[in-house]
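Let's take a look at the salt bridges in this protein model. Have the sequence and the 3D view ready.

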Amino acid sequence: MPSIPASQRAIVVPKNGGREVLEFKDVSVPEVSASQILVKNEYAGLNFIDSYFRSGLYPVSIPYVAGREAAGTVVAVGSSVAKFKVGDRVAWMGGAAFAEYSVVEEGGTVGLIPDSIDFKTAAASILQGLTAITLVKEAYEVKAGDWILVQAAAGGMGLLLCQLIKSVGAHAIGTVSTPEKAELAKNAGAEYVINYAEDDYVEKVLKLTEGLGVHAAFDGVGKATFEGSLSLVRRKGSLVTFGNASGAVPPFSVARLAQKNIRLLRPTVSNYLATPEEWDHYTNELWKAIADGNLKIAIYNVYPLEDYKSAAEALETRLSTGKVVLKI
């Protein structure tokens, strides 16, 4: 049995606010209950949802340890745990990931990592990878020939979506803010890339689609792009809004959807992974896509845990392209 310390280093949110409220401090290592495993985290991934909890947009009890996804080694198991054993390599989603040790429910969103995938890649892909796959399979099932808009196409989610959209033979249109990001989106599979800092992306998308608009728009930006995305969805199309990077979408009259019989979805990945069968199906699909080289995980930078503020700044100010990762 590995030696487990009484205390550990972690990123703590003591009150709601911006990055200035974050604390890097010692906290107690949690004890496992009968149904839990204790994971010694090696890497953790950053996501915009971290800032939603910190700001208070998504209510959560204060104080708390930040972070929603990580990968590491099982170092202790509860008395009723049967699925995992000490020494297993696992990737997981949940809470309190930005710490050296985390407890995870055996029956929750946690699974074994194949030998062909390292901890860093697993931590960088588990939440966003599963989100991207379920978006293009369930939120709107992308089909060959579809025209699909991807807002923020050079971000971690955007790069994954562009690859998946291209893989089924659909046309991905990505929006970006710089020429450098445009190149990244193109390399990931965006057939057309529009720099919204230079061009009117609404006008450009309508021209590309001969005035019809897109079959679906995937928008993780939120407030700043919602109206543009909505205007570009064609008759009987779908708008999938899955994030609030620029702020929450303001109150919206559903009667507006009747103008083109548009479907509007606000999905969360956890509701596509609610059963063990769903979890196993999509994680197996994710690991296979990565192992086969069909889904490339672009990592922007790896920061030490103690420098989480810099990592969060890179993500939240949209300096980063690809995934931002912490080395625990």
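Twelve salt bridges turn up in the structure. To count as one, a side-chain nitrogen of Lys or Arg has to sit within 4 Å of a carboxyl oxygen of Asp or Glu. Keep in mind that this is a predicted model, where local features need pLDDT of at least 70, side-chain atom pairs count only at pLDDT 80 or more, and totals for chains, interfaces and linings use all residues. Residues are numbered from 1 along each chain as its sequence is written, and side-chain values use heavy atoms, with hydrogens and water left out.

Here are some of the pairs:

| Salt bridge | N to O distance |
|---|---|
| R9 and E306 | 3.4 Å |
| E42 and K327 | 3.5 Å |
| K25 and E23 | 3.6 Å |

Start with R9 and E306, which meet through their side chains. R9 belongs to strand β1 (residues 7-13) and E306 to the loop between β15 (299-304) and α8 (308-316), so this pair ties together parts that are 297 residues apart in sequence. Strands (E, at least two residues) and helices (H or I, at least four) are DSSP runs, numbered from the N terminus.

Now for E42 and K327, another side-chain pair. This one links distant parts of the chain, with E42 in strand β3 (residues 36-45) and K327 in strand β16 (residues 323-327), 285 residues apart.

How buried or exposed are these residues? Buried means under 20% relative accessible area, exposed means over 50%, and partly exposed is in between (1.4 Å probe, protein chains only). R9 is partly exposed at 28%, and E306 is partly exposed at 44%. K327 is partly exposed too, at 31%.
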